[in-house]
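Work through the exercises below with the sequence and the model open. Each task is followed by a solution in steps.

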Amino acid sequence: MNSSAQPGFLGTVSWDGANATSERVLLRTNIVNRQLVERNQYVRIDEAEGARTGYLARVVAGPFFHRAGTATVGGMTAGGSLDCVLMAELEIQGEIVEGRPRDTNSRPSPGSPIYALGPNEIAGLHGLKGDMLLGHMAGQDELQIFLQSKNKGVLPRNLGIFGTVGSGKSNTSQVVIEEAARAGWAVIILDVEGEYTDMDLPTEDPAMIERLARYGRQPEGLKDFHVFYPASCASDKAGAETFTARLADFETSVIGELLQVTLPERNALLDCVDYLNQKARSKLSTTEKEGLQTLLDASPQAKLPFTLRSLRERASERSSKGNEFLDYAGLTAKLNWIMQSEAFDQLNMPSLDPVRMMVPGRVSIIDVSVANDVVKNMVTADLLRKTFALKITRPSTPPTLLILEEAHSFISRERAQSMQATLTMLRNVTRRGRKRWLSMAFVSQQPGHLPPEIFELCNTRIVHTLRSMHNLEALMTTTGDVGRDLWDRCPLLGPGQAILSSPQMSRSVVLSVRPAACRRKFTD
Ligand SMILES: Nc1ncnc2c1ncn2[C@@H]1O[C@H](COP(=O)(O)OP(=O)(O)O)[C@@H](O)[C@H]1O
Ligand SMILES: [Mg+2]
C-alpha cells in the first residue's frame, strides 16, 4: 500500500536545516492535516532507507506555517487556499525494536513516512497496558494507564508514592489498594491518620463519582476488609480488633533502637534478654523453624521466652549492679515508660496475626492514628518481621503489599544512623521479599527526609507535585529514567496528577490518577 494511503498518515520527514540536532527531526505535511498535528501527539516514523524499521517520536514544537517555495510569493493559489506547508518538530523517543522503543544512535532519513498513533498503539509501545487501572495519561483521556500485577519487576520491586500535602497521595494509595486487592494481592496498610478505615464503603464525593464513571467504574467499598489497632490505642471503626505487641517477637537490636537506648543500656538489654532466653531454652523450642512458629503463633497462649514484665523485672533486679558498661537502671526506666503505654504484652490478647491478613484480595488496615511514635514504630517492625516470616514458612501465601504511610517519620535520613538494625530488617524484607512477592509501598510527603537507599528500593514511583527543592532533588538524583522536561512539570502538577516511572514502562509519563471507588475518611 502507498504510505500516504495508510491510516494515520501525517506527512514525511523533511530535510535537515542548519540547526538540526540529534534528537529532533522535522515533520513536513500539507496544511489540510492541520487538525492532526498537535503538540504531545505521538507518532511513528517508518524508516524509508536501510534495515531499521521505525522510530517512536512526539510532536514537541509547532505546528509552523511556511510558504511553499519561492514561486508562490503572494500566497494564494488558483484554488484560493493558502499555498502553505505545515512543519512540526518531532523529538525522537527511540527506535522501535520488537514493539518497544529502545535508545537509538540514529535518526530517520528524509522522506520517511510519519503516522499518528492511536491510544492503543501508544499504550502498547510505552508499556502502559496491564490489569491495575491507575488512571489516564494527562491531557489524553482515552489513553488509560495500568500497572501489571503479575510483573515481578513492578510491585515486587516496591513502590514509592511521593508528593506534598494535598497532592493526591492518599487517593493514589486507595487506587493502588483497590487494584492490588482486585488482582488477588493481600494488602496491609499502616494507617497513621485513620483515614483508610472506611474503605469498605463506597465513595460519596459527587465530583469523584462523576470522574469514576468515565472509567466505567461505580462507587464501591472493599469486600474483604478488616481494621486492627494496637492495644492501648483506639479506632473509630466499629468492629475493629485490638492486638498487642510482644516484646519477645522483636530482635533485641531492634528493641534497643526503637527504645533509643544508650550504649550501656543496650548492653544491659542484651544481657537481660540473653539471661531470659537461656532460662526459657529448656522449656522452649530452639530451632529456627520452631522459633518462626512461635513468632507466628498469635494466640494469647503462645509460649514466649520473655515478656515486657519479666524483662523489666530482670532489669530492675540487676539495677543495683549498674556500672559504666551496663546501665540496668536506665534500661528499667525506658521499659517502665513503654509499660505505661499498655501496648505491649497485654494478657489474654492476641498479637499481630499475618495468617489472618495474608489472604488473596483481603485488605487489612492497622489503625495507629492515636499511637505514639514508639508504638507506631514497633508495630511497623512487627508487621515487617511477621509478614516476612510467614512468607518463608508458607510460600503458598498470596502476593502481599505492605503500605507505609508517612514513611519518613518511621525511618528518616536523620535517624538512619541510629536505626541500623531496623534499616537492615527493612532491607532484608525488601531484597529477600522480592522473590517471594512480599512488596512495600512507601508513601511520603517528605522524600527528602527518607534515607536515600529507600529510593533505590522503590523501582516504581508515583511522584505528585513537590514544591520544595530539597524534596525534588532527592528524587531527581535517584530517578534516572525521568527527563529534565518532566521534572520541570512536577511543581505545576494538579491534585491527582503525577509523574509515573516504572520498570514496566519504556518511558515515564504524566499520569492523571483515577478517583478511588471506595470512601476515604477525612480527618483534620
Ligand atoms: N486523582 C484525583 N482526581 C481528582 N481529585 C483528586 C485526586 N486526588 C486527589 N484529589 C483531590 O485532592 C485532595 C487531596 O488529596 P489527598 O489524596 O488527600 O492528598 P494527600 O494525601 O497527598 O495529602 C482530595 O481531597 C481531592 O479533592
Ligand atoms: Mg494523605
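**Exercise 1.** Find which helix gives the largest share of the shell around ligand 1, and sort the residues of this shell into nonpolar, polar and charged.

*Solution.* This is a predicted model.
Step 1. List the shell: around ligand 1 lie Gly-163, Val-165, Gly-166, Ser-167, Gly-168, Lys-169, Ser-170, Asn-171, Pro-495, Gly-496, Val-513 and Pro-515.
Step 2. Compare the list with the helices. Helix α2 spans residues 169-182 and supplies 3 residues, the largest share of the shell.
Step 3. Sort by class, with Pro counted as nonpolar and Gly as polar. The shell around ligand 1 then holds 4 nonpolar, 7 polar and 1 charged residues.

**Exercise 2.** In the largest nonpolar core, identify the residues that touch the most other members, then list the contacts of Ile-403.

*Solution.*
Step 1. The core has 132 residues, and Val-187, Ile-403, Ala-441 and Leu-511 touch the most other members.
Step 2. Helix α10 (residues 373-393) contributes 8 residues to this core, the largest share.
Step 3. Leave out residues up to four places away in sequence; Ile-403 then touches Ser-173, Ile-177, Val-187, Ile-189, Leu-190, Ala-441 and Val-443.

**Exercise 3.** Describe the protein as a whole: what are its elements, its box and its share of buried residues?

*Solution.*
Step 1. Count the elements: there are 15 helices and 19 strands.
Step 2. Along the principal axes, the C-alpha atoms fill a box of roughly 105 × 45 × 40 Å.
Step 3. Of the 524 residues, 44% are buried.
Step 4. Take the contacts between residues at least 6 apart in sequence: 73% of them join residues at least 24 apart.

Technical notes
Residues are numbered from 1 along each chain as its sequence is written. Chains are lettered from A and ligands numbered from 1 in the order in which they are written. This is a predicted model: local features need pLDDT of at least 70, side-chain atom pairs count only at pLDDT 80 or more; totals for chains, interfaces and linings use all residues. A nonpolar core is a set of buried Ala, Val, Leu, Ile, Met, Phe, Trp, Tyr and Cys residues joined through C-beta atoms within 7 Å. A residue is buried if 20 or more other C-beta atoms lie within 10 Å of its own, exposed if 12 or fewer, and partly exposed in between; C-beta atoms are placed from the backbone. Helices (H or I, at least four residues) and strands (E, at least two) are DSSP runs, numbered from the N terminus. Two residues are in contact if their C-beta atoms, placed from the backbone, lie within 7 Å. A residue is near a molecule or strand if its C-beta atom, placed from the backbone, lies within 6 Å of it.
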